[in-house]
Amino acid sequence: MEITQAVAALTPSLIEMRRDFHRHPELAFQEVRTSAKLAAFLESLGLEVTRGIAQTGVVARLKGARPGKTVLVRADIDALPIQEASGVAYASQTPGVMHACGHDGHAAIAAHVAAVLAGFKDRLEGEVRFAFQPAEEIVAGARPMVEAGVLEGVDRVVGLHLYSLMPAGKVGVRPGPSMAAADAFTIHLQGKGAHAAMPHEGVDTVLMASQIIVALQSLVSRETDPIQTAVITIATLRAGEGAHNIIPETAELKGTLRTFDAALREKLIRRIEELSRGIALAMGGSAEVVWLPGSPAVVNDAVMVERFRQVARQVVGEEGVLEVPPVMGGDDMAEFLNRCPGVYFWLGAGDPDPSRNRPHHHPGFWIDDERALPLGVELLVRSVLDFLHD
Ligand SMILES: [Zn+2]
Ligand SMILES: [Zn+2]
């Protein structure tokens, strides 16, 4: 009850902070104003604050009066290059930039978890560490934070992602693989240009690209265990300059690979390269595959998930805790969970009427912050207190 009251007392500050971040969104590695505000807020609570981790990240430590475990709360803080069209009163004041994924809420929630726990500092056993992570949307912020030593001495990790398509008041979680590893690739094809009426004089990169696209589909249908999950999508094919009568000398394919299993991920990365190079070579040309590696899959620890569920039932009731299917979207929370057992859960933030909700990364994205955010704070506070003990 004491926790619920503490959360209620801080709710006006929580909503105000979230809406302030929403008005002033900042793109990946440009979160200067956001992190300065967070750092000042955390310092005012008496936490030990380090700025400038992974460029624009902030780390804060709350050390309890007695020894115990160390639990890390992770929140991402960056916005997206989208022109807001949500119609909310506190809409983005920065043209072309919008918090369309709810990271403004994540930052405000984690800061207020710190505020609630700072109030119980004298009774706290162990350390609660807060990682405010930049650049999640370009999957570039988590790794440098981990490399900077943010996880040193950490026993357990916890975090949440708001979810606009789930009604506020619900919580979604699942043990094991929850979000996919998302890797991007570009295939550069080199052939030989020619007159379209004299194909024998050239090496046709359009035909080469077509063969490769079709062949890549066999990697999921024929080389992946049907019980496992993978997606290979070619999203861009570029060749030629618009002519009807020229065989283009080069072509470019861009695509994404989504997987859950680390070994399958490695295999498909290798096979995409082998197929592309092999087909190009067989057709008299060459292929170069350039990877933009994403983060690994988000995998929740089964024991921690069970403990989290117990905690969540106290906050949102038995029927409020949903078992959700895995999603093929990625999140670099994986960099933390890959090294330390923990839980990443979905916090419902939408309307019970699904027609009112908009997906993440949509110009009309909105969340019911007044209903969802206080629950997020309470869920994290109670989880942290539970995870600090064996
Ligand atoms: Zn996002
Ligand atoms: Zn997100």
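How many bridges join strand S2 to strand S4, and which way do the two strands run? The legends below take this up first. This is a predicted model, in which local features need pLDDT of at least 70, side-chain atom pairs count only at pLDDT 80 or more, and totals for chains, interfaces and linings use all residues. Residues are numbered from 1 along each chain as its sequence is written, chains are lettered from A and ligands numbered from 1 in the order in which they are written, and side-chain values use heavy atoms, with hydrogens and water left out.

**View 1. Strands S2 and S4 run antiparallel.** Six bridges join S2 (residues 57–63) to S4 (residues 125–133). Within this pair, Ala-60 stands opposite Phe-130 in S4. Strands (E, at least two residues) and helices (H or I, at least four) are DSSP runs numbered from the N terminus, and two strands pair if DSSP finds at least two bridges between them.

**View 2. Eight strands form an open sheet with mixed pairing.** Follow the order S1-S2-S4-S3-S5-S16-S6-S15. The edge strands, S1 (48–53) and S15 (321–323), each pair on one side only. From one strand to the next, the twist averages 25°; axes are lines fitted to C-alpha atoms, for helices over the stretch in contact, and angles run from 0 to 180 degrees between N-to-C directions.

View 3. Contact here means heavy atoms within 4.5 Å.

**View 4. Cys-101 bridges two zinc ions, ligand 2 and ligand 1.** The ions lie 3.1 Å apart. Ligand 2 has Cys-101 (SG), His-103 (NE2) and His-161 (NE2) as protein donors, 2.1 to 2.4 Å from the zinc. Donors are N, O and S atoms within 2.8 Å of the metal (3.2 Å for Na, K and Ca); water is not among the atoms, so sites may look incomplete. Along the chain, the spacing reads C-x1-H-x57-H.

**View 5. Arg-18 sits in helix H1 (residues 2–23).** Is Arg-18 buried or exposed? Arg-18 is buried, with a relative accessible area of 1%; buried means under 20%, exposed over 50%, and partly exposed in between (1.4 Å probe, protein chains only). Beyond its neighbours within four places in sequence, the contacts of Arg-18 include Tyr-90, Asp-104 and Asp-369.
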